[in-house]
Amino acid sequence: MNVHSIYTRLIFGYTLLVVSAFIIFGTYTYQSLQTHLYAEIYSTFSRRIDHIRHDVLPSFDKKNISGLSAQLEQIFSPEDSNRFIKILKEGKEVVYLSGPPQDRSFSPGSISFIPYHLVSNCEQGVSSNLYDNVLVFGCKTELNSVTYLIEMGVPIVETKRVLQQFVITLIVGLAVVTVIAIIAGGFLVKLALSPVEAIRASAEKITYGNVSQRLAEINTGDPIEHLSKTLNQMLDRLDQSYQNASRFSSDASHELRTPLAIIRSDLETLQKDKSLNFETHDRLGSILEEIERLSAIVESLLSIARLEAGEAKAKNEVINLSELVQSTIEQMQLLADEKNISVAINASSPVLIGGDVARIRQVIVNLFDNAVKYTPQFGKVVVSVFAEAGAAVLVLKDNGVGISADALPYIFERFYRADKVRSSTSQGTGLGLYIVRTICQAHGGVIDVQSIEGQGTQVKIELPLQKSAASV
Ligand SMILES: Nc1ncnc2c1ncn2[C@@H]1O[C@H](COP(=O)(O)OP(=O)(O)O)[C@@H](O)[C@H]1O
Ligand SMILES: [Mg+2]
């Protein structure tokens with residue numbers, strides 16, 4: 001359990017609140033019940049003592065004691081009703097003492113009340129004392145100059161049992177309330193935070209390719225709505241600056257294209273001039289090479305700007321990958337021939353995918369170009385296309401220079417070129433694989449590169465098979 005989690009804190013806070021309210025309410029009810037029960041006993045016994053004082057005692061004052069006993073037993077039947085009655089004359093002489101109760105819960109002879117001088121007069125009220133689970137009430141009254149102490153008592157075991165039962169009910173109630181508070185709290189917190197979850201889910205879907213998408217609209221009129229609006233406004237601003245940046249690089253590459261083309265054609269014309277000496281001719285050749293590289297970079301940058309602007313999969317045509325691979329590589333065969341590299345193509349059966357044919361061709365061109373570029377003379381490149389587990393697979397395998405394990409994680413980064421490669425060939429921009437991966441991802445595919453330095457490289461691309469492939 002994470003104590004810092006908002007779930008835990010809210011559920012804990014909510015439960016604490018409900019449980020505290022229940023405890024306060026329970027304590028208050030318990031005390032009210034206790035007061036009420038004892039007040040009830042007090043008023044009942046005050047009335048009974050008054051009855052003895054006013055009606056029973058005066059009529060027996062002068063008469064025999066056995067008459068008084070009989071009368072008291074007839075009215076109160078103390079033994080049967082488990083009550084205690086004692087009448088003392090002048091604080092010493094026992095005029096009457098009830099017999100042992102039926103339930104044997106106390107022994108009348110052993111019950112001692114509060115010290116005689118502390119007992120109040122009946123006119124002032126009744127004193128009470130708890131003696132061994134028996135609640136005894138009593139007061140002094142004067143009759144014909146003789147002071148009598150009337151004591152009456154009752155075992156409070158039953159009252160205590162009622163109160164105990166009530167406490168047990170409260171404890172059980174507390175446990176039930178706690179469980180309900182936790183469950184209901186969890187449910188309420190989940191419900192209250194569901195807009196946050198909606199924001200999170202929609203934020204997760206916003207990627208580099210769809211920055212124009214916005215977070216879920218939350219109309220709750222609370223801080224969560226403000227948060228979603230503020231985040232959306234922030235996304236607007238980011239989107240704006242993102243678009244500005246990509247528009248800038250697209251515009252810049254576009255603007256650079258024309259002057260570069262002019263320089264290139266001028267240089268080419270100049271190179272044809274027969275009057276140039278060998279050295280100048282040679283220098284012009286290397287300038288032209290650099291211009292070509294510069295043009296390649298500008299083309300790639302323009303390509304990336306367009307891909308990032310959503311052109312990585314502008315169309316969704318049905319493409320026969322096998323056919324496309326064959327025709328594209330046939331057109332590039334010359335590159336391999338120049339280096340005496342043998343090319344084998346295993347793409348006999350049709351494999352259909354859905355996508356933008358120009359972009360998929362760009363992937364094949366870039367990968368084949370790499371395979372040939374990074375494979376020495378008399379090397380071998382094998383290109384295979386097949387369908388496997390619901391995916392169209394394109395594999396390019398070469399036995400070229402390979403990529404070191406250190407460089408492998410970076411080859412998809414923009415402008416990254418392995419050091420060895422960088423020094424051995426000036427051709428290349430380091431943007432090819434980035435473009436390849438962007439196109440693959442836009443087509444719902446994945447790319448995997450495996451390589452052993454000095455032995456060769458295998459690039460594997462998996463794209464979703466077109467559904468109608470089965471019917472072809
Ligand atoms: N088939 C391959 N064999 C060896 N190295 C490769 C291969 N393909 C890619 N690489 C490495 O990955 C780097 C990035 O490739 P890429 O983005 O196509 O850039 P470029 O081809 O312009 O150098 C290359 O510079 C090279 O170091
Ligand atoms: Mg390349």
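Student: At what angle do helix α7 and helix α9 pack?

Tutor: This is a predicted model. Helix α7 covers residues 357–373, and helix α9 covers residues 432–442. Their axes are 9 Å apart. The packing angle is about 145°.

Student: Is the crossing of α7 and α9 left-handed or right-handed, and which residues of α9 make the contact?

Tutor: α7 passes α9 in a left-handed crossing. On the α7 side, the contact uses Arg-359, Gln-362, Val-363, Asn-366, Leu-367 and Asn-370. By class, the contact residues are six nonpolar, four polar and one charged. The α9 side is made by Gly-432, Leu-433, Ile-435, Val-436 and Ile-439.

Student: Which residues are the closest to the centre of the largest pocket?

Tutor: The largest pocket holds about 1300 Å³ of space. Its lining counts 43 residues. By class they are 19 nonpolar, 14 polar and 10 charged. The closest to the centre are Asn-366, Asp-369, Asn-370, Lys-373 and Gly-428.

Student: Which element gives the most to the lining of the largest pocket?

Tutor: Elements that each supply at least two lining residues include α5 (278–311), α6 (321–338), β10 (391–398) and β12 (456–464). α7 and α9 also each supply at least two. The top contribution is nine residues, and it comes from α7.

Student: Between which domains does the largest pocket lie?

Tutor: The protein is divided into domain 1 (6–161), domain 2 (208–311) and domain 3 (315–471). The centres of domain 1 and domain 3 are 102 Å apart, taken over C-alpha atoms. Two domains both give residues to the lining, so the pocket lies between them: domain 2 and domain 3.

Technical notes. Residues are numbered from 1 along each chain as its sequence is written. Chains are lettered from A and ligands numbered from 1 in the order in which they are written. This is a predicted model: local features need pLDDT of at least 70, side-chain atom pairs count only at pLDDT 80 or more; totals for chains, interfaces and linings use all residues. Side-chain values use heavy atoms; hydrogens and water are left out. Axes are lines fitted to C-alpha atoms, for helices over the stretch in contact, and angles run from 0 to 180 degrees between N-to-C directions. Helices (H or I, at least four residues) and strands (E, at least two) are DSSP runs, numbered from the N terminus. A crossing is left-handed if the near helix is turned anticlockwise from the far one by less than a right angle, and right-handed if clockwise. Contact means heavy atoms within 4.5 Å. Ala, Val, Leu, Ile, Met, Phe, Trp, Tyr, Cys and Pro count as nonpolar, Asp, Glu, Lys and Arg as charged, and the others, Gly among them, as polar. On a 1 Å grid over the protein atoms alone, a cavity is a set of points where a 1.4 Å probe fits but cannot get out, and a pocket is an open set with protein on both sides within 12 Å along at least five of seven lines; lining residues have an atom within 4 Å of a point. Grid points are joined across faces, edges and corners, and a volume is the space filled by probe spheres set on the points. Domain bounds come from an automatic or database domain assignment.
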